[in-house]
Structures are given as structure tokens and as C-alpha cells.
Amino acid sequence: MCCKSKNPRSGRTILCNNIHRIGKRANVPLEMPLQSGSPLHILVHAQSFSFSIIYSIGEGKANLIEWKVIHMSFTDHVVNGGFESGLLSPWLSLNASISSAASHSGLFSANLLGGNVNAYILQYVAVSPGSDYRLSVSLAGSGGTPNPLVSISVSYYDAGNNFLGYGLTETIYGSRLPNVATADWLTLYSLVTAAPATATQALLFINKMPMAGSSDVLVDDVELLEATGALGPTGATGATGDNGTTGATGATGATGATGATGDTGATGDTGATGATGATGATGATGDTGATGATGATGATGDTGATGATGATGATGDTGATGETGATGATGDTGATGDTGDTGDTGATGETGPTGATGATGPSGGPQGSTGATGATGDTGPTGATGATGATGPTGDTGATGATGPSGGPPGPTGATGDTGPTGATGDTGPTGATGATGATGATGATGATGATGPTGSTGATGTFGPPFDVYVSAGAVGGDGTITSPFGTIQQGVTAVAPNGTVHILAGTYNITAQIVVNKQGVTLQGEPGSQLVLQAAVIPLMVTGSDITIQGLTITSSAAFAVEFIQVGGSNNRILNNVIFGPSQPLPMTDWVVNRAVVSQINTTNLLVRGNIFYSLRSGMYLNPNTTGNIVNNVVYFTKGGFLVDRAVVILSDNSWGLPINEFDIVLLVGTINGAPYNPTSSLTLYNNGASISDQR
């Protein structure tokens with residue numbers, strides 16, 4: 001059973017989550033506060049009938065105005081919506097399974113896998129043209145990590161499987177999902193637009209969105225109810241009877257379940273500051289935070305005066321003798337030493353050849369005849385040597401004649417003449433080979449070490465450069481960008497970070513009212529799990545104008561439908577990776593939607609990479625302006641009028657896929673876009689992008 005209460009004057013309907021279907025959980029009495037002066041209309045539905053009760057509230061009591069039974073029945077078109085078969089069939093699914101760990105009612109529920117993957121269940125159900133439907137579903141997060149987004153839709157198709165329109169689109173933020181650990185569930189009741197005249201079937205689609213580090217989501221008690229039977233005429237109101245005597249006050253009933261916490265009231269004026277209490281004991285010192293990145297080394301200070309040499313330490317062991325070095329150049333010849341004792345006369349060398357005999361000088365007179373040679377007399381004593389005449393030129397030595405026989409015995413040797421002058425010193429002979437190196441002498445004793453001189457003054461400290469890792473936490477005040485004291489806004493982080501550094505956007509909701517300009521070379525904006533940017537004004541929240549910039553891991557949406565893109569990107573070599581970007585719900589048809597887009601490239605943007613993103617609930621996923629080049633790969637786009645709009649850009653579109661609800665067109669080739677590669681043949685473009693539907697306007 002389900003219930004809802006309605007105030008006929010305001011038209012407001014209140015859904016009661018604590019009354020459930022008959023047969024799965026016991027009914028719980030309806031309890032709600034009564035407001036004096038306004039009628040209260042309670043409408044309760046069971047499987048085969050409804051009944052209506054109208055009270056008038058006043059003076060602390062409720063007067064019955066009208067009640068009646070409405071004879072109608074409700075048909076649930078969902079098969080196995082409570083998963084009590086213990087199987088998913090006939091649901092079609094991705095990354096889903098049956099769970100018996102927790103359920104809204106009964107024994108089983110469906111588990112949609114958490115983390116950075118899509119997970120869904122879907123079922124085609126038969127519908128009747130013109131009929132109204134009511135959808136109910138119970139949801140809960142499962143785990144201690146943040147909950148992801150969940151989207152629910154009902155779309156109509158004819159017998160030829162042609163899409164006719166949406167009966168319902170609903171987005172449930174992760175913050176709305178309770179944790180099943182507290183035995184708490186969120187039960188949604190939604191009216192579905194009547195089925196079109198040619199509708200024969202509806203697609204019910206429950207989709208858990210990718211979010212890194214997110215919890216699983218449990219789904220249970222899915223119903224798509226169709227009411228049949230007409231209301232009977234209202235009977236005439238009977239006359240109000242006299243008030244009876246007031247009965248004795250009954251026993252106080254059990255305290256009802258605590259209602260949902262109301263909105264926080266306005267903060268009152270700050271009271272006067274009380275006297276300062278005694279200082280408490282100092283708490284234990286917290287763990288030391290992670291060491292920040294080392295700043296650039298400052299300039300070296302002036303060298304201090306050299307101190308006196310300190311005392312020499314003990315001599316270490318003599319190291320192994322190194323290899324003998326190459327022989328040095330031969331030194332100058334030393335002075336000639338005193339002549340040593342004359343050695344023994346060496347053996348006489350062979351007589352050299354006799355020079356030619358010189359010409360005979362002229363005779364004094366005529367030559368007489370030669371007399372006979374007399375006998376040789378004894379040799380007389382040698383006379384004194386006369387003065388040596390000038391030496392004539394040496395004639396050629398003649399041939400040596402044969403030695404004649406010796407005469408008588410030789411006479412005594414004459415006195416030795418004076419020694420002639422010493423001849424010039426001959427050239428120095430070649431240096432002999434170097435003799436072997438003598439043994440190394442013993443090392444002398446080390447002298448005493450001198451006293452250490454005074455330390456010089458420290459040089460001036462150098463300045464630190466900007467940090468490479470900066471942290472941002474929504475609403476933080478007075479931080480310096482470290483992980484323990486983060487900045488409060490993303491723009492502060494971008495301003496402070498060094499080129500090629502990273503701005504870490506920590507978990508939290510960042511309400512964006514002014515444009516964030518990202519123009520530093522190589523900077524990365526890294527969305528950490530649980531972070532979400534919510535646009536609150538008609539401004540482009542992220543303007544990327546530098547090069548080699550990465551926007552990664554962000555979840556971005558808006559509080560209302562603004563006619564702007566969420567990211568505008570120019571420059572070169574920029575990357576948009578693994579983001580989830582979606583708009584708020586807008587009433588159909590899509591042609592009336594505000595022109596909001598996930599990403600728009602500037603003219604002449606080069607080498608852009610857009611990969612692994614999810615874009616949905618937008619007028620278009622991405623608009624590619626003229627002369628944009630790059631790669632658009634492995635993204636998921638759904639529930640848009642046009643997924644990728646190509647306006648004279650030249651990009652590679654590959655491995656993109658398309659979720660539900662479907663896009664009107666997945667890829668649109670606008671007028672002026674080139675014919676040929678990389679877009680022709682369009683059949684290949686469809687094939688390489690998972691069956692993309694293409695609108696070719698060239």
C-alpha cells in the first residue's frame with residue numbers, strides 16, 4: 001500500500017514513505033500534524049480500491065467532512081520489481097547483481113556496483129495509450145564512501161520501437177541517499193506523463209552514474225502503477241451532527257517516529273562573550289603532517305673567514321700502493337763529476353789505413369849517388385826535443401810498407417813529451433735505461449692539528465618558489481594552500497600553484513558565481529572524490545586558455561539552466577579527462593531547452609584530448625568550433641539534443657558511446673564541415689562510435 005495526503009486548497013500532495021505494499025510489510029498508521037483552519041484530504045491506495053477522507057481542522061479537533069471508497073484497481077506493470085525471485089530476470093543490467101545483505105522489504109534487492117563505472121537495470125513494460133502511471137522505487141547507499149548520482153527515466157516507444165518521448169526524468173543527488181547501515185531508505189513516488197496515442201511500451205531505466213570511490217547503490221520495490229476504473233459520484237454531504245460530550249482523555253499514544261529535521265533557522269545575534277575559561281590541558285600532539293615539497297634552494301651566502309686549521313686526526317692506515325706512474329721526462333744532465341781512476345787500457349784497436357805519402361820537398365843541391373848503407377850503430381841517447389814547428393797539413397797516408405827487420409836492440413825510451421791540450425768534449429751519449437724504483441721510505445710522523453677557526457656567518461636565506469601541489473577545500477578561510485591548511489576557492493589555488501603543478505580540489509560543494517581562469521603552463525585541476533562544482537550564475541565557470549593544461553575528475557552541474565558552457569577551452573595540447581558534467585532537469589521538448597553545453601572549443605584550438613567523460617541532461621555535450629583539432633574518444637553522452645556538434649573542426653571521434661535516455665542525434669556534422677576523412681564514410685563513423693546516430697548537414 002502507498003499513501004499520499006493532499007490539501008485541496010493548495011494542491012500540495014504529501015507522500016507517506018512509511019506505508020508499504022500489502023503482503024511485504026505490515027501497514028503503519030498514518031500520523032501527521034494537523035494545521036488549524038485548512039481542510040486535509042487523505043487519499044489511500046490499495047491493490048483493488050482507494051478511499052478518500054476529508055477533514056476540517058479547527059479548534060483542536062478534526063471534523064469529518066467527507067469520506068468515500070473509490071472503486072478502482074491498480075496494475076503494476078513491472079515484473080520482479082521486488083527481486084524476490086532471487087534473480088534479476090527479466091531486468092536487463094550492467095554491473096548489477098542480486099543482494100541478500102539488505103532490502104527495503106522482503107529478502108532481496110538489486111545492487112548497482114559503485115566506483116567509476118556505469119551500473120544500471122532496465123525493463124521494457126507494456127503500456128496503454130492515454131493512461132497515467134505512478135512510479136515508486138526505494139533506494140539506499142551501501143558503504144561508508146560518498147554516494148553517486150542516480151538517474152531514473154521512463155521513455156515511451158511505439159510498436160516499431162520508435163522513440164516517442166519521455167514520461168519521466170529524475171536525478172537523485174548522492175547527498176539525498178541514506179545509508180542502508182542505518183536501516184534507512186529513500187522511497188520516491190513520481191507521477192509519469194500519460195502515454196502518447198501510439199505508445200505500446202515504455203522503457204524503465206535506473207542508472208547509477210560513475211564516480212571514483214563511490215558506494216554501491218541498492219534498489220528495491222520498483223512499481224509502475226496504472227489506475228483503472230472511474231470515480232463514482234460524490235455523495236451529498238450529510239448534516240453535521242451535534243458535538244457529543246467530550247470523552248475522557250485516552251492514554252498517551254506511543255511517541256511517533258521523529259520527523260525529518262526542518263531547515264535550520266536564521267542564526268541569532270551573537271551573545272556577549274563570556275569570561276575566558278581556564279586553559280585546558282594541552283592535548284596530545286597530532287601526527288606530523290606530510291612534508292611539503294622542498295622549495296628551490298636559495299642563493300648561497302658569502303663564505304665566512306677561514307678558521308685556523310683544527311687538530312689533525314690520527315693517521316689512517318696506509319692505502320694500497322697505486323700502480324707506478326709513467327716515467328717522467330729525463331732531467332738536465334748534471335755537472336760532470338771528478339774524473340775517476342783510469343781504468344785498464346783497453347785492447348788496441350785495429351790500425352787504420354795509412355794515409356797517402358805527401359810530396360817530397362825540393363833538394364838542396366844536386367843529388368849525389370847513394371852510398372852504401374853502413375851498419376846501424378847503437379842508438380844514442382835521445383836529445384832534447386826541439387820546439388815543435390807548425391804542423392803542416394797532413395798529407396794522405398800512403399800505403400804502409402812492410403816492416404823491415406829489426407836492427408839491434410832498441411834503445412831506451414825517450415822522455416814523454418808534455419801532454420797536449422784536452423780536446424773538445426764529445427756529444428753526450430744516449431741516456432741509459434731507468435733503474436728499478438727503490439722501496440718507499442717510511443711515512444714521517446704527522447704533525448699536530450691546529451685549532452678549528454670560528455664558524456663564518458650564515459648567508460641570507462633564499463626565497464621559495466611557488467608550490468607544485470596546492471590544496472583547496474570549499475569555504476576554508478585563511479589557508480596557505482597546504483593539505484593541512486587549504487585555500488577556500490579554486491581560483492586561489494590556480495593563482496598560487498607553480499607552472500606544471502597540481503591544484504587538488506578536495507571533497508565538498510563549490511558554489512561558482514565568477515569565472516575561474518586557468519592559464520598557467522601545464523597546470524592540472526584534479527577533482528578529488530566527493531568534490532562537486534555547482535554553477536550559481538550565468539558565467540562560464542572554467543575558462544582554459546593556456547597550454548598543456550589538464551581538467552580531471554570533476555563533477556560539474558548548475559543550480560538552474562544557464563545558457564553557457566561549463567568548460568571553454570582554447571590553446572594547445574590541453575586535456576579534459578574523466579569528468580561528469582550534467583545540467584538540471586528541463587521540461588520537454590528538447591527544442592525548448594536552454595542552450596547549455598558541457599564543453600566548447602575556441603576557434604583554432606589544437607591537439608585537444610577529451611576522453612573518459614560523461615555528459616548528459618544538456619542541450620549538447622560538446623561544440624567543436626572551426627579549425628579545432630584533436631581526439632574525442634571513449635566518452636558517454638546521453639539525454640541531449642546533440643551529443644557532439646562538429647562545426648568545421650577536424651577531430652577524431654572514436655569509441656564514444658550513448659546511454660539512456662537516448663540523444664536526439666549522437667553526432668551532428670554542421671554545414672561547412674569537410675567531406676572526407678575523418679568523417680566519411682559516415683557508416684564507418686557510426687561503426688567506430690558504437691552505433692552512433694548521425695545528422696549530416698554538410
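Biologist: Which strands form the open sheet, and in what order?

Modeller: The order is β7-β10-β15-β12-β13, 5 strands with antiparallel pairing. Strands here are DSSP E runs of at least two residues, numbered from the N terminus, and two of them pair if DSSP finds at least two bridges between them. This is a predicted model, where local features need pLDDT of at least 70, side-chain atom pairs count only at pLDDT 80 or more, and totals for chains, interfaces and linings use all residues. Residues are numbered from 1 along each chain as its sequence is written, and side-chain values use heavy atoms, with hydrogens and water left out.

Biologist: Thanks! Which are the edge strands?

Modeller: Those are β7 (92-94) and β13 (163-172), each pairing on one side only. β7 is joined to β10 (residues 119-126) by 3 bridges, and leucine 92 has leucine 122 as its bridge partner there.

Biologist: What does β26 pair with?

Modeller: β26 runs parallel to β23 (residues 542-544), with 3 bridges, and parallel to β29 (residues 597-601), with 4 bridges. Glutamine 568 is the bridge partner of methionine 543, and in β29 the partner of glutamine 568 is valine 600.

Biologist: Which residues have the most contacts inside the largest nonpolar core?

Modeller: They are Ile490, Leu525, Ile567 and Leu653, in a core of 52 residues. Strand β31 (residues 614-624) gives the largest share, 4 residues. A nonpolar core is a set of buried Ala, Val, Leu, Ile, Met, Phe, Trp, Tyr and Cys residues joined through side-chain atoms within 4.5 Å. Another core, of 34 residues, lies apart from it and includes Val127 and Leu204.

Biologist: And how many salt bridges are there?

Modeller: A search of the whole structure finds 3, counting a side-chain nitrogen of Lys or Arg within 4 Å of a carboxyl oxygen of Asp or Glu. One of them joins lysine 641 and glutamate 664 at 2.8 Å, N to O. That pair links distant parts of the chain, 23 residues apart, with lysine 641 in β33 (residues 636-646).

Biologist: What about aspartate 647, buried or exposed?

Modeller: Aspartate 647 is buried, at 9% relative accessible area. Its salt-bridge partner is arginine 648, with the closest N and O atoms 2.9 Å apart, and arginine 648 is partly exposed at 41%.

Notes: Buried means under 20% relative accessible area, exposed over 50%, partly exposed in between (1.4 Å probe, protein chains only).
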